[in-house]
Amino acid sequence: MHAGRVNPVIVNYRTPDLVLKCVSSILAHGVAAAEDIIVVENASPDDSAMRLRESLPSRVQLVVAERNAGFSSGINIGLQHVSREFVLVLNPDTYFVDTSIERALALLDEARDVGLVGLDLIYPDGERQYSARRFYSVLDIIGRRLPIGKYWPVRQRVDRHMMKSDWRSGEPFPAEWVMGTGFVIRRELFQRLDGMDEAYFLYMEDVDLCARVWEAGYKVMCVPGARLVHDHQRSSAQNPLGRTGRMHLKSLEIFRRKYRLPLLVPPGVHGLKR
């Protein structure tokens, strides 16, 4: 279907079985040709490299990193090997169930001012994950990380942050940022932006990238119906005091040094710059 147009990039860290399932779904639905798929093995302390060497289709590009410098670094290693028009960044715990990604590629073909498109992430049971977001205020962070976010009026604020109402029309819509779990970006733009900011080891690298896409004069969009199954829920949202929760807060601090993080009013696309 899209062979020759898309380079999927998948970073593995101790998840070879998930990577193999993701790659299999890419091939089964014609999202990309085997030789255009790039799997970065991010120095996992297990037998991932051996498993992937043995089990990946022979034409898939497997790149083994010398050390684990974080998710952003892994994506950037993969970016060195891309050649197609679009880069498809995927978490290993994702897989395709149809060819609906063509909706995202059609939007990129039609609208040259769109630089990055977020896919419609769904859980295995079909529930939408709501992968579009607005840029943060401190209140949004509190609402997302603490139980108070489940109750009125903070719950309404959280729903607005997650842009839930924007999905209702079923039409593509501008998103301030999209989850890095699954998105398509123009290769030329991604390379011009020097890929992901490697200051982020994990989390917030997607928010930062979308901010830079907007700054470069391109739009970030989400496409309802361009489905990608995401078989996981971020643990940082479940336990703000756990290891991943602390890592997310550390990444938020890095983001805050680069961009405005207002107390109450979200900055929007044009209010990010300090």
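Me: Which residue forms a salt bridge with Asp109?
Reply: In this predicted model, Arg5 is the partner of Asp109, and their closest N and O atoms are 2.7 Å apart.

Me: Where do Arg5 and Asp109 sit in the chain?
Reply: Arg5 belongs to the segment before S1, whereas Asp109 belongs to helix H4. The pair links distant parts of the chain, 104 residues apart.

Me: How accessible is Arg5?
Reply: Arg5 has a relative accessible area of 23% and is therefore partly exposed. Asp109 is partly exposed as well, with 36%, and Glu85 is partly exposed at 34%.

Me: Back to H4. Which residues of that helix are buried?
Reply: In helix H4, which spans residues 102-110, the residues Ala104, Leu105, Leu107 and Leu108 are buried. They are on the same side of H4, because they cover an arc of only 155° around the axis. In an α-helix there are 3.6 residues a turn, so residues three or four places apart point the same way.

Me: What covers them?
Reply: The cover of the buried H4 residues includes strands S1 (6-12), S4 (86-90), S6 (114-122), S10 (182-186) and S11 (219-230).

Me: New topic: how many aromatic pairs are there?
Reply: The count is four aromatic pairs. In one of them, Tyr136 and Trp177, the ring centres are 5.9 Å apart and the planes are at 35°, so the pair is tilted. Tyr136 is in the loop between strand S7 (132-133) and helix H5 (138-145), and Trp177 is in strand S9, 41 residues apart.

Me: Are Tyr136 and Trp177 buried or exposed?
Reply: Both Tyr136 and Trp177 are buried.

Me: Which residues form an aromatic cluster?
Reply: Tyr130, Trp167 and Phe173 form one aromatic cluster.

Me: Which side chain does Asp208 meet in a salt bridge?
Reply: Asp208 meets Lys258, at 2.7 Å from N to O. Asp208 lies in helix H8 and Lys258 in helix H10, so the pair ties together parts that are 50 residues apart in sequence.

Me: Why does Asp208 count as buried?
Reply: Asp208 counts as buried because its relative accessible area is 0%, and buried means under 20%.

Definitions and conventions: Residues are numbered from 1 along each chain as its sequence is written. This is a predicted model: local features need pLDDT of at least 70, side-chain atom pairs count only at pLDDT 80 or more; totals for chains, interfaces and linings use all residues. Side-chain values use heavy atoms; hydrogens and water are left out. Buried means under 20% relative accessible area, exposed over 50%, partly exposed in between (1.4 Å probe, protein chains only). Helices (H or I, at least four residues) and strands (E, at least two) are DSSP runs, numbered from the N terminus. The arc is that of the directions from the helix axis to the C-beta atoms. Contact means heavy atoms within 4.5 Å. Rings of Phe, Tyr and Trp (its six-membered ring) pair if their centres lie within 6.5 Å; planes under 30 degrees apart count as stacked, over 60 as edge-to-face and the rest as tilted. A salt bridge is a side-chain nitrogen of Lys or Arg within 4 Å of a carboxyl oxygen of Asp or Glu.
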